[in-house]
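Thanks for making the time this morning.

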Amino acid sequence: MKKSLKIAIPIIVVVSLAVLAFPLSNNLAKRQIEEPLGGVSEFKKVSIIMQNKCADCHTKGKTIYPFYTNFPIAKKLIDEDVQQASDNMPFTREKLLGLQEFSRLELSKIHTVVESSEMPPAQYKLLHWDASLSDSDRKAFTSWIEAETKSRKGQR
């Protein structure tokens, strides 16, 4: 029994450290954040949140791939998630910089998933500990969407 414990404990420690390395490595990635150039004033904060917490999946060319991307199964899952996200709600560079408006439908979808905490998905947050939206982040999205909607009143 003692011999098996001497073997099991180091194995458990090594496996535990390896499991922690995945999300820790994701949090060390440095993102290139671009200063928003347009949009309502409330958009600046939201743009930075989106670039930090949404662009990995929703903006082609902005994905920071983790070191384990080429591990079996991981690449397929990551590529599928990125493709699905960019198909369903693409955040182009122009949109993230405020140079192109989000449509009313897109604003509505963003508001729904942010308020319901559907985004980012739990699977993503499991490996990206800093991806969760805070209450302050959610308020920033709400303020932006309200300001954006108000600024478009009368436009058809």
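This is a predicted model: local features need pLDDT of at least 70, side-chain atom pairs count only at pLDDT 80 or more; totals for chains, interfaces and linings use all residues.

Lys95 counts as buried, at 9% relative accessibility, where buried means under 20% relative accessible area, exposed means over 50%, and partly exposed lies in between, with a 1.4 Å probe and protein chains only. Its partner Glu106 is also buried, at 14%, and the two form a salt bridge whose closest N and O atoms are 2.6 Å apart, the term meaning a side-chain nitrogen of Lys or Arg within 4 Å of a carboxyl oxygen of Asp or Glu. Glu106 lies in helix H6 (residues 104-115) and Lys95 in helix H5 (residues 93-96), so the pair ties together parts eleven residues apart in sequence; helices here are DSSP runs (H or I, at least four residues), numbered from the N terminus.

Residues are numbered from 1 along each chain as its sequence is written, and side-chain values use heavy atoms, with hydrogens and water left out.

Searching the whole structure gives ten salt bridges. One of them joins Lys53 and Asp137 at 3.0 Å, N to O, and since Lys53 lies in helix H2 (residues 43-53) and Asp137 in helix H8 (residues 135-151), it ties together parts that are 84 residues apart in sequence. Lys53 is buried at 18%, and Asp137 is buried at 9%.

Conventions. Helices (H or I, at least four residues) and strands (E, at least two) are DSSP runs, numbered from the N terminus.
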